[in-house]
Amino acid sequence: MRTTINQIKEMKQKGEKVTMLTAYDYSTARIVDEVGVPIILVGDSLGMVVLGYETPIPVTMEDMLHHTKAVVRGSKQALVVGDMPFMTYHVSVEDALRNAGRFIQEGGAQAIKLEGGVTVAEKVRRIVECGIPVMGHIGLTPQSINQLGGYKIQGRTPQAATRMLEDAKALEQAGAFAVVLETVPAPLATLISQKISIPTIGIGAGIGCDGQVQVVHDILGLFADFVPKHAKQYAKVGDVIRKAVTEYYNEVKSGAFPTEKQSFSMDESILAELKAK
Ligand code: KIV
C-alpha cells in the first residue's frame, strides 16, 4: 500500500518531518522506496541531471511519462508525484486537466506537481476536483527562470514576501495537499509553514519547513555541473563511478578482463568436431 496524501497531511499535524527525494529511473526508485522515503518526485529537474539540458524548459510530457513509469515500476510504498513540464498546464484549464490525467492514467503516478500560486489556483482546484492530488511549488520556480532572471533567492522584499504568502494560501484554498518552497529565506518559509495547514516541503528554504526535498543527483554527488548551496553531498558517487569505469577501461585494454570467472565453457568434443571441419 502506497503512502496517501492524508498520511502526508497528518505528518504535519503530528509534527513529523516529511522527506521527499527525486528519482527518474527504476533502480534509483527501488533504493529510495526501500529506505522508506514517503514521497518520490519525478521532477522536471531530469531535464538537467538526466537529459543534459541547461534548464527544465525543453522537457516534454513524453519525457516525463517515460521516467514516471520507470519510477512507479521501481517503487511499492512511496507516493509518486509527477512534475508537470513547462507549457503543459499554462494555456488552458483543459490542457492542465488532460496532462495531469496522463500522469495518473498512463504514468501510474498518484499525484502531480505544478509551479505557481494565485495564477494557477483555478487550475489546481479543477485538477483536484477530478480526483488528482496536486502539490504546489512556489518561490524559485525554474520553469520561469527567464522571467525571474536567474536562480535568485525569492521573497526578500516586503511585496515579494507578501505575494508568496498569498500564493501559499491560494494553493491551500484550491485544495493542494502540500507545497514546495524553493530558495526562500528561512524565516519567511517558517512563517508560511505556520500560516497554512498543508505541509510545506522546502528546498533551500531552511529548517522551519514541514519537510525537505532534494534532487537525488545532488545528494549523491552525481551531478558535477553545478552544486547548489542548499544541497548537501552525502556521497561522492560520481567519483566511485569514475574509478570503476577507469578500471574497466584499463582492464579491457590490458586483457585483464574478462577472466575465466566471467566466461562460459562448452563441451570439448563439440569444439573438436568443429575444429576438424
Ligand atoms: O524538478 C524538481 O526536481 C523539483 C524539485 C527541485 C522540487 O521541482
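Mentor: Welcome! A pocket is an open set of grid points, where a 1.4 Å probe fits, with protein on both sides within 12 Å along at least five of seven lines. Keep in mind that this model is predicted.

Trainee: Which pocket does the ligand take up?
Mentor: Let's look at the space that the ligand takes. Among the pockets, that space is the largest pocket.

Trainee: How do the residues of the shell around the ligand divide?
Mentor: The surrounding residues include Leu41, Val180, Ile203 and Val215. Others in the shell, among them Asp44, Asp83 and Lys113, also surround the ligand. The shell divides into three charged, four polar and four nonpolar residues.

Trainee: How far is the polar side-chain atom of Ser45 from an oxygen atom of the ligand?
Mentor: Start with Asp44, where a polar side-chain atom lies 3.1 Å from a ligand oxygen. For Lys113, a side-chain N or O atom is 3.0 Å from an oxygen of the ligand. For Ser45, the distance is 2.5 Å.

Trainee: How much of the ligand's exposed area does the protein bury?
Mentor: Taken alone, the ligand exposes 260 Å². Of that area, the protein buries 95%.

Trainee: Is Cys209 buried or exposed?
Mentor: Buried means under 20% relative accessible area. Cys209 has 1% relative accessibility, so Cys209 is buried.

Methods
Residues numbered from 1 in each chain as written. Predicted model: local features only at pLDDT ≥ 70, side-chain atom pairs only at ≥ 80, totals over all residues. Heavy atoms only, no water. Buried < 20%, exposed > 50% of the residue type's maximum accessible area, 1.4 Å probe, protein only. Near = heavy atom within 4 Å. Polar contact = N/O pair within 3.5 Å; in protein donor to acceptor, adjacent residues only side chain to side chain. Areas by Shrake-Rupley, 256 points an atom, 1.4 Å probe, with all protein chains shown as cover. 1 Å grid on protein atoms, 1.4 Å probe; cavity = no way out; pocket = protein on both sides within 12 Å on 5 of 7 lines; lining within 4 Å. Sits in = over half its atoms within 2 Å of the grid points. Nonpolar A, V, L, I, M, F, W, Y, C, P; charged D, E, K, R; others polar.
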